[in-house]
Amino acid sequence: MRRKFFVLAAGALVAAACGGSQPEPETPEPVAIDSTAIKEQMRRDSIAAAERSRAEAERRAAEQRALAAAAALTTQLTSELQDMINFDFDRSDIRMDDEANLDRKAGVMMANSAVRLRISGHADERGSDEYNLALGNRRAESAKRYLVNKGVNASRINIVSYGEERPLDPAMNEDAWAKNRRDEFELTAGAGQLVAPR
Amino acid sequence: MIRWVGAVTLVLAAGNLAAQDSVPPVDQGVRVGIEYTPGIRPRLVVFPGPGNDSARLILQRDLDYSDRFELVYVGDHQDGAPSSGVNYELYRRLGAQYGVELAPSGSATVVRLHDLDAGEVRSHQTIIFPPPDAPEFRMAVHQVSDEIVRWVTGIPGYAASRLVYVGRKQLWIVDSDGVGNRSLTGADETVLSPAWSPDGRRIAYTQFDEGTGSLQMMFLASGSTVTVPNTRDGLNYAAAFSPDGRTLAYTRSAEGGTDIFRVDIGDMCCLQRLTVGRYADNLSPTYSPDGRRIAFVSTRAGPPQIYVMSADGTDQELLASFDFGATGSSFAPQWSPDGAQVAFHRAVEGRFQVFLLDLASRRVRQLTSAGRNEDPTWAPDGRHVAFVSTRSGRRQLWIVDTETGRIRQLGTPDAVRLPSWSRRFGGVAGVNH
């Protein structure tokens with residue numbers, strides 16, 4: 001008896017929902033739309049989704065910032081490694097004002113064990129062509145010795161000399177000569193990503 | 001006879017050819033240690049005559065460049081030439097003491113040196129010159145010129161020789177009279193410090209590549225090259241052949257500094273280190289002509305100066321004395337072929353000048369003063385020196401007679417550096433005595 005009533009009641013409900021009209025077998029209007037609980041659930045879901053995507057965006061942005069920072073750091077450290085040093089006329093000893101430059105290089109090399117350097121020594125056009133090759137070699141050696149004394153493994157640095165063959169400034173005056181008396185530093189390995197020295 | 005004398009055009013002698021190149025016979029910028037008295041050189045005339053015109057012109061210029069004679073120039077005479085015999089009286093009246101005759105004799109040419117005062121032939125030789133357009137023609141004439149110088153002075157001239165040098169980045173070669181400039185290496189490689197083998201068949205030079213340099217040996221006949229063993233690493237340069245041509249001494253810059261090494265190039269083996277620099281550099285070796293000693297540059301006392309050692313590296317000592325703090329840095333020594341002098345360049349008031357060190361007295365004298373002058377190299381006669389000078393505005397090759405100070409420019413197409421002068425080329429086919 002009780003079951004019969006229930007069935008009837010359900011039948012009445014269905015009849016009411018269908019509006020009594022016969023031919024529409026379409027999907028029923030979701031009942032949940034009126035449900036406060038479901039609405040609430042949906043609201044929460046959408047908030048969670050938004051939060052997730054915001055977190056993801058933030059994570060990505062942070063990642064980008066970190067990458068950019070790392071790239072900027074690598075660029076900066078690379079340029080520190082590549083910074084030239086200069087020499088007095090016919091001298092190969094490291095000048096006082098270049099010591100900080102070489103100290104930075106030593107620090108970067110110690111913190112980045114994959115980095116290898118090629119130091120090339122250059123001379124101005126005074127001095128014989130042949131002597132200048134020897135002088136350039138001595139200048140490259142001088143910088144290498146400084147870095148090795150600061151703790152860099154000697155096998156990570158190789159030296160070459162260009163003598164007076166590659167002037168930065170071909171003019172024949174004191175300014176040009178001063179520029180041309182130099183060591184250049186080139187990264188030959190480990191240039192990918194550099195970390196700052198501690 | 002009088003008609004013929006009238007046809008002779010006397011052109012004022014010595015320095016005429018040089019004057020055509022706007023070069024004064026004795027440059028203001030050259031100091032010579034001895035007094036030069038014009039007219040002390042014998043006057044020589046190359047007789048005009050039929051045939052051999054181009055040979056005669058080359059000969060005349062060679063004999064002028066030898067700086068052993070004052071040339072008396074006579075113009076061509078188309079007629080009135082005596083068919084036989086030499087009019088000694090005529091040439092004596094022109095002030096000439098020697099006359100050179102080129103007389104055709106069938107396909108050959110008889111070269112005669114006439115002593116005009118004695119009125120007789122002093123020396124002669126018969127030669128079959130290659131055709132004037134053949135590549136070996138000029139060298140054959142140069143060899144005759146050198147022989148004529150020997151007939152008169154006892155010492156051959158230097159015309160039959162060539163120089164190599166670096167122009168732009170390539171290796172170039174040119175005859176001693178400035179003819180025949182051509183490059184020996186490609187435009188895509190950089191070469192440094194060429195050096196002749198004593199037999200004139202090989203040139204050692206440095207092939208420079210990104211701060212390193214290997215020594216190459218070029219065989220001129222074939223143009224092929226081989227790399228000298230043990231010179232692929234580091235920077236190997238400023239090579240010098242021993243006089244017997246069997247050993248190459250050279251400079252090596254690498255870890256541990258710059259030092260002089262030698263290698264046996266007959267067997268291409270047996271590398272030996274001759275100097276141990278520690279914190280000083282040793283470079284630019286040059287052999288004495290007896291092969292027993294090597295002069296070189298060292299920074300052992302601070303500034304680079306000229307030292308000498310035995311060819312095995314022992315007995316190293318200072319060669320060209322200097323006052324510490326006063327004498328300029330000294331570079332690029334070159335031992336003269338007669339062994340008596342070493343040429344080098346030294347900074348004077350910030351500019352390089354060529355100096356000669358007399359080994360008997362150990363005295364140095366300054367040879368140049370105009371412009372920047374560097375990298376001297378000896379002619380085979382041991383009397384002329386070629387060097388690089390900026391006196392004309394850019395680096396060019398100049399040749400100076402160290403005895404008279406007479407100077408001339410050697411024509412080259414480009415700015416020039418690091419010249420090396422060959423020994424005399426001998427033995428041309430077809431020369432009979």
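## Secondary structure of chain A

Helices (H or I, at least four residues) and strands (E, at least two) are DSSP runs, numbered from the N terminus. On that basis, chain A runs α-α-β-α-β-α-β-α-β from its N terminus, with five helices and four strands in total.

Before we go further, a word on the model: it is predicted, so local features need pLDDT of at least 70 and side-chain atom pairs count only at pLDDT 80 or more, while totals for chains, interfaces and linings use all residues. Residues are numbered from 1 along each chain as its sequence is written, and chains are lettered from A and ligands numbered from 1 in the order in which they are written.

## Helix H4 of chain A

Helix H4(A) covers residues 129-149.

Chain B has five helices and 31 strands. Buried residues make up 46% of its 433 residues; in chain A they make up 27% of 198.

Now for contacts (C-beta atoms, placed from the backbone, within 7 Å) with a separation of 6 or more. Residues 24 or more positions apart account for 76% of these in chain A and for 47% in chain B.

Definitions and conventions
The expected span of a helix is 1.5 Å times one less than its number of residues. A residue is buried if 20 or more other C-beta atoms lie within 10 Å of its own, exposed if 12 or fewer, and partly exposed in between; C-beta atoms are placed from the backbone. Two residues are in contact if their C-beta atoms, placed from the backbone, lie within 7 Å.
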